[in-house]
Amino acid sequence: MHPEVLAMLRIAVVASPPVSMFNLAIPELLFDKVRVDGRPGYEVVICAPDPGPVPTTGGLRLHVPRGLEALQEADTVIVAGTGQPFSPDPRVLSALRAFAATGRRIASICSGAFTLAEAGLLKGRKATTYWQHAEEMRRRHPDIDVQGDVLYAQDGPFLTSSGYAAGIDLCLHIIRTDYGAAVANEVARLALVAPVRPGGQTQFTQTPLPPERGTVCADTRGWAMRNLDKPLTLADLARHAGVSVRTLTRRFHAESGVSPLQWLLHQRIERAKELLETTRLPMDQVAAACGLGTADSLRAHLVRRTGLTPSAYRAQFSRHGTGRRTASSSAA
């Protein structure tokens, strides 16, 4: 690691009243769990147009000590969702425009996208918001390419997420961009949420790797994770679980929301990403270590999942001797 990695990244979360408490909790929960070489990776500051008691959508009041001057110290700004998304505070719009002029990263969770839109920051760009608000976004801002059925969207330094829980996916994506897949997935494990999911995944359909809802197959999942380099089959998984293939498939789907082989492929690809980011192993060795067989197979699966070849993925996300990527470099 280079010395600059030891400096914490500062994140300012804008709380416009009435703010969503859940939106505020997501960045605090996830970024606070990031550790790099034993040190915190982020400092999170909540700020508001008027410091002091800030109303929430649930009728409570939160004490927010910092004003919008906190944006001047931030590397990334996240605009939380609000119960009044269509009439953002002019002071917030002005502060966001000034911050955007520096080229640094700006994100929003749920209805916070309307604040970015009103500030003129999303003009001509791809963006998303909560699916129930997508049509209103299109009506109010026809110059924005509204992606109504994705978890989150990134266009240059601007990131927008859809519904509440998609804010988790967006924050994990930011962590991955800054510190890599291994760190982001460790944060997901600590927070008991799904690993990093691609932003283009639909809001409406079943996720590739939903949260697990049972423990009957937990031992078999753990065993499979420790043996990803082997050519595991349905019969192998069923044999380990001590059940028939049909029973395994039924129980596995009930607990994980996907079939055993879908789950296995997801884990193999995630392992491949981590190896590409954290090692200099040749592509054929990466493919073998995660059970994808050949370099050609690795390439096909990774392109399908990320849109990048293994070499391009490694060049963009490698953490082996390159240190932390900055917000400006990730937006290039």
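Trainee: Which residue lies over the face of F252?
Mentor: R221 does, at 5.8 Å from the ring centre. A charge sits over a ring if NZ of Lys or CZ of Arg is within 6 Å of the ring centre and within 35 degrees of the ring normal. Please note that this is a predicted model, in which local features need pLDDT of at least 70 and side-chain atom pairs count only at pLDDT 80 or more, while totals for chains, interfaces and linings use all residues. Residues are numbered from 1 along each chain as its sequence is written, and side-chain values use heavy atoms, leaving out hydrogens and water.

Trainee: How many aromatic pairs are there?
Mentor: The count is five. Rings of Phe, Tyr and Trp (its six-membered ring) pair if their centres lie within 6.5 Å; planes under 30 degrees apart are stacked, over 60 edge-to-face, and the rest tilted.

Trainee: What is the geometry of Y42 and Y179?
Mentor: Their ring centres are 5.4 Å apart and the planes stand at 90°, so the pair is edge-to-face. Y42 belongs to strand β4 (residues 42–47) and Y179 to helix α5 (residues 166–179), so the pair ties together parts 137 residues apart in sequence. Helices (H or I, at least four residues) and strands (E, at least two) are DSSP runs, numbered from the N terminus.

Trainee: Is Y42 buried or exposed?
Mentor: Y42 is buried, at 5% relative accessibility (buried means under 20% relative accessible area, exposed over 50%, partly exposed in between, with a 1.4 Å probe and protein chains only). Y179 is buried too, at 7%.

Trainee: Which residues form a cluster with them through ring pairs?
Mentor: F31 is linked with Y42 and Y179 in a cluster.
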